[in-house]
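Hi,

Here is the structure I promised to pass on.

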Amino acid sequence: MRIVMIGTGYVGLVSGACFSDFGHTVTCVDKDEGKVKALLDGKIPIFEPGLDELVAKNVANGRLSFTLDIAEVLPDADAVFIAVGTPSRRGDGHADLSYVYGAAREMAPMLRDGAVVVTKSTVPVGTGDEVQRIIAEACPDLDFSVASNPEFLREGAAIDDFKHPDRVVVGVNDDHAEQVLQEIYRPLTRNDSPLLIMSRRGAELTKYAANAFLATKISFINEIANLCEKVGADVRDVAKGIGLDSRIGNRFLQPGPGYGGSCFPKDTLALLKTGQDYEAPLRIVESVVASNDTRKRAMGRKVVNALGGGDQHGKTVAVLGLTFKANTDDMRDSPAIAVIQTLQDAGIAVRAYDPEGMDQAKKVLDNVDYCTGPYETLEGADAAVIVTEWDAFRALDLTRAKSLLKQPLLVDLRNLYSRSDVERQGFTYIGVGR
Ligand code: UDX
């Protein structure tokens, strides 16, 4: 199959590289000249374990290429995937579809008969209908299909998620699109990953429902963690106790500083808007969004309170981890932002370190003393707080840490440590929900 991938962001780049690894011929197109130049030079613009090797291998064998010029590749494409951004529209929380519709408008005159246009970007219900309308209006005689194929990969585990998905969701309104997508995903179905064929609208909604449900699980366990702290229970026991019930499942029940990233915050908001538009309000998701927003600042206050509460001018806190989760350099909606701002509002100076996220963090967080490693960050601080669950923070030398800190106080927002181990070293330990 000849595939064109429009957009070389997270989803576009990973999907393009994996499709080429399946044996298809893939060209990734982007309007960002710097990005395409970097990719042609073998530089990967995002941090994702294993992606540079996968890209290099498939560029070398001639199955993967990059270009700025859509006209050069579109006329031959059997399938054109749209993997451009759908950010939250400023002001109303709706998904901004201008890039998706822009791509549809641009490609329309270059498509060949039989081409299948597939939205891989996360798009609200009905977007496929609009893409179809835009192309049909521009080219009334063209024989084409529009399908939806949402992507469920997680940052940091993207390649494995793409190649071993729990399922592939394909939304089609005609047989030709179904056949083309069956062919594209054949290598996965051979490995027993089920291809779920449904309507285009069903596929579009499935993506939002999945993300909203996962966000709900996280917010649920975060609120149970709050209750555990009040009643003297350990949330890890409770999470295990409920998670072993196969109807609930044990994943996405890790309490923490609140969910962040490029998907959950944006997609839950967009789903709420769709619910309002169709007069089917999603009260549970509304509560999840509110609960998560409150939580991020509450985690900052947890640290302030550990230092005595109120105004803490003159104090310094060492923040370990800035990205929204480990194994990514992504700072989008990271809880670290709200945690640090809450500390700064209380007059606290912040020193911080992240293994991969420093460049991105510097763009969004001012007045932070950025350090080069975990131990340097601890120097002279009144407390250490772990915000992201990087492996580099899982086995800190606590004796060394204690000698660097002004006072031995560890706030562990990811429950990486055992209380007794840390307390044995003379620390005051504050975890989440325990
Ligand atoms: C998510 C979805 O998992 C993925 O299917 C979709 O395609 C994109 O959005 P991602 O944002 O990469 O993926 O990260 P994920 O691992 O899902 O974590 C999202 C947030 O939830 C992070 O802030 C993470 O720290 C938090 N989280 C996750 C928890 O706090 N507890 C958990 O148990 C799991």
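First, a term: a residue is buried if 20 or more other C-beta atoms lie within 10 Å of its own, exposed if 12 or fewer, and partly exposed in between, with C-beta atoms placed from the backbone. By that count Cys-263 is buried, because 26 other C-beta atoms lie within 10 Å.

Some housekeeping. This is a predicted model, where local features need pLDDT of at least 70 and side-chain atom pairs count only at pLDDT 80 or more, while totals for chains, interfaces and linings use all residues. Residues are numbered from 1 along each chain as its sequence is written.

Back to Cys-263: UniProt's unreviewed entry marks it as "active site" (UniProt positions are in the numbering used here, feature names are shortened, and annotations may be inferred rather than shown by experiment). Cys-263 sits in the loop between helix 11 (235–243) and helix 12 (264–277); helices (H or I, at least four residues) and strands (E, at least two) are DSSP runs, numbered from the N terminus. Leaving out residues up to four places away in sequence, Cys-263 touches Thr-122 and Asn-211, where contact means C-beta atoms, placed from the backbone, within 7 Å.

Now the ligand. Of the 19 residues around the ligand, Glu-155, Gln-254, Tyr-259, Gly-261 and Cys-263 come nearest (near means a C-beta atom, placed from the backbone, within 6 Å of the molecule or strand). Helix 10 (residues 200–231) supplies the largest share of that shell, 3 residues. Domain 1 (2–198) and domain 2 (208–290) both contribute to the shell, so the ligand lies between them; the bounds come from an automatic or database domain assignment. The centres of the two domains, taken over C-alpha atoms, are 29 Å apart, and their contact takes 12 residues from domain 1 and 11 residues from domain 2.

- Lys-266 is in helix 12 and is buried, with 21 other C-beta atoms within 10 Å. Not counting residues up to four places away in sequence, Lys-266 touches Pro-87 and Ser-88.
- Arg-332 is in the loop between strand 9 (316–320) and helix 14 (335–345), and counts as partly exposed with 18 C-beta neighbours inside 10 Å.

Cheers

Methods: Contact = placed C-beta atoms within 7 Å.
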